[in-house]
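Reader: I'm new to this structure and would like to go through it slowly. Could you show it to me, and then take my questions as they come?

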Amino acid sequence: MKKEVEKLLQYVQKPARYIGGELNSVVKDKNSVDIRYAFCFPDTYEIGMSHLGMKILYGLVNQRSDAWCERVFAPDTDMEEQMRKNNVPLFALESGDYIKDFDMIGFTLQYELSYTNVLNMLNLAGIKLLSRERKDLTPLICVGGPCCCNPEPIVDFVDIVFLGEGEETTNQIIDLLKECKQQGKSKREFLLLAKDITGIYVPSLYEDTYNDDGTLKELTPVDNAPKTVKKAIISDMNKVYYPKEFVVPFIDIVHDRAVEEIFRGCIRGCRFCQAGFIYRPIREKSVETINEQCKSLIKSTGYDEISLCSLSTSDHSDVNKMLTTLIDWTVKENINLSLPSLRVDNFSDELVEQLNKVRRSGLTFAPEAGTQRLRDVINKNVTEQEVLSTCEKAFENGWTSVKLYFMMGLPTETMEDIKGIADLGMEVIHTFYNNPNRQKGTGCQVSISCASFIPKPFTPFQWEPEDSMESLREKQKYLLECIPTKKIRVSYHETPTSLLEGVLARGDRRLGKVILRAFELGCKFDSWDDKFNFNAWMQAFDENNIDPHFYTHRKREFSELLPWDHLDFGVSRKFLENENKKAHRNETTPHCRIKCSGCGANKLNRGKCDARG
């Protein structure tokens, strides 16, 4: 750590965020590597250190003898104030070196409201914000992550975009950058070579034009750039790199435990869920691979908890064997096994039996909508009876608290659907107290969490209008009025952040100047309610003559060219259109293991999809 950094730590609340040196962190001789890579998470240390993607790519790059990956997080406001006051640029944790001197600077974009933090971190590093103003080959600014299924609002600031899964493309880009450095090639020469790598999108090789009504007219490729850029995909989850050790933080983080990814993709096809479509096709790890990787992580980190990570843990095709294998040794070694993302429609007796062997915690389920009609609209394929039967089974086995996730502002939603959320919560309460085997004197707590629905790219609802702030507030107020008991607790999202998220999720390149102006007006940490400056954002829109509601309140026609139509994440546009039409007819689509619906995602994996057997 540099002395000028060390001097600042006495003035900040959590100095451990900035010192590095944690167990399993990787330190190399910078003079013995060809490529230095700063992996940046545009939020605080506690959030970034919980992110699995960073753990995977950190270990992947550091396996190489010719490259060194270091971690960088957004300094909190107290540390940033000290850094700016003392002219200390943004630095990496492992070496303490300033990242402006690195070869690659990569940001993972997990959430649209992190965009101003990306600009703030570049500015704090002393790096020019606009890609066109950075003439040198290095530092190369890259982004990846789920928000990159529509990176258009932020492309003014980045050089390349990683589409899809980064395990293979990261190494390909490092190889290419190393070669171009050695040969003295320019940044443009590098970008013209990078465009030919599957999963790499070079935004500067595309030019946008617009119709008189403000809609996108064309995004034209230049210099032989591909008309459509396909996402990168890992075919074999049993062979792909997975870390044997994680960096273990000195302080508590959001998810302070070992994490094992058990499969990618989802069989369900919920029409609101972007992750369920952009991570297709389904690819599973074998029980043997999962067990071996879990043992390695526990041994190398000392954690006493493993979380099984996927979009729907109980949908693993061999879930009972997997749990039996893991529980055989985790119970003996006092290791807790955490199973997030459980489904109410496959909460079997066998699964309950396995869960009873591990430490007891609250159960979380996601009905998503309060009435069966609306659950059919969103293709949740869960009935009220299944929700209640699952809760009954849990209560019979000793659980006393249940958390239920819902969304508000879904397409075709009415006030009757809002009341249905409260009614379902009350039915869960009644189910608990009607259980003849419940322990006397015990009470039940139901937590209802309501997120504001944001239409996202590559979902059947990508053409739908977003509910207005006024309508969402009215629905939130009505929901609270419908709750008759203190045994039900309700939480919901703030509506101004939902508006901004909706704008950035489906926006185009014209929003780059709005994001830049918002940053200049002091916007950062926009996902934090206490730091979000709605008025500054509205000023940034006004100054650039852009109406944010153009991106949120307007229903798009199927004929409209969408800002992300040149990107291929596997699922066909025709499939999404058909799913949208079925939603408006209240029709459901069975999940992938019941019947293949021909979404098209398997074409990216040589026709293979684990959901199809």
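**A walk through the model**

Author: We can begin with S131, which lies in the loop between α5 and β4, where helices (H or I, at least four residues) and strands (E, at least two) are DSSP runs, numbered from the N terminus. This is a predicted model, in which local features need pLDDT of at least 70 and side-chain atom pairs count only at pLDDT 80 or more, while totals for chains, interfaces and linings use all residues. Residues are numbered from 1 along each chain as its sequence is written, and side-chain values use heavy atoms, with hydrogens and water left out.

Reader: OK, is S131 buried or exposed?

Author: S131 has a relative accessible area of 12%, so it counts as buried; buried means under 20% relative accessible area, exposed over 50%, and partly exposed in between (1.4 Å probe, protein chains only).

Reader: And what is S131 in contact with?

Author: Leaving aside neighbours within four places in sequence, S131 is in contact with D156, F157, V158, D159 and K187, where contact means heavy atoms within 4.5 Å.

Reader: Let's zoom out. How many helices and strands does the protein have?

Author: The protein has 20 helices and 19 strands. Its radius of gyration is 24 Å, close to the 25 Å that the globule rule gives for 613 residues, so it is as compact as a globular protein of that length. That radius is taken over C-alpha atoms, and the globule rule is 2.2 Å times the number of residues to the power 0.38. The C-alpha atoms fill a box of roughly 75 × 65 × 50 Å, taken along the principal axes.

Reader: What share of the residues is buried?

Author: Buried residues make up 60% of the 613 residues. Among contacts between residues at least 6 apart in sequence, 77% join residues at least 24 apart.

Reader: Which residues touch the most others in the largest nonpolar core?

Author: The largest nonpolar core has 149 residues, and I99, F107, I160, F190 and L308 touch the most other members. A nonpolar core here is a set of buried Ala, Val, Leu, Ile, Met, Phe, Trp, Tyr and Cys residues joined through side-chain atoms within 4.5 Å. A second, separate core of 30 residues includes V387, L424, M426 and I488.

Reader: Take F190, then; what does it touch?

Author: Not counting residues up to four places away in sequence, F190 touches L137, L140, I160, I173, L176, L177 and C180. Among the buried residues of helix α6 are I173, I174, L176, L177 and C180.

Reader: How far does α6 reach?

Author: Helix α6 (residues 166-183) has 18 residues and reaches 25 Å from its first C-alpha to its last, close to the 26 Å expected at 1.5 Å a residue; the expected span is 1.5 Å times one less than the number of residues. After α6 comes G184, whose phi is positive, near 70°.

Reader: Which residues have a positive phi without being glycine?

Author: F458 is one of them, with a phi of about 60°, and R606 is another, with a phi of about 55°.

Reader: Switching to sheets: what is the strand order in the open sheet of six strands?

Author: The order is β2-β1-β3-β4-β5-β6, with mixed pairing, and two strands pair if DSSP finds at least two bridges between them. The edge strands, each pairing on one side only, are β2 (67-73) and β6 (200-201). Strand β5 (residues 160-162) pairs with β6 in the antiparallel sense over two bridges, and F162 stands opposite I200 in β6.

Reader: And how many bridges join β7 to β8?

Author: Five bridges join strand β7 (residues 206-210) to strand β8 (residues 216-221), and these strands run antiparallel. T209 has E218 in β8 as its bridge partner. The hairpin has five residues between the strands, and G214 there takes a positive phi near 95°.
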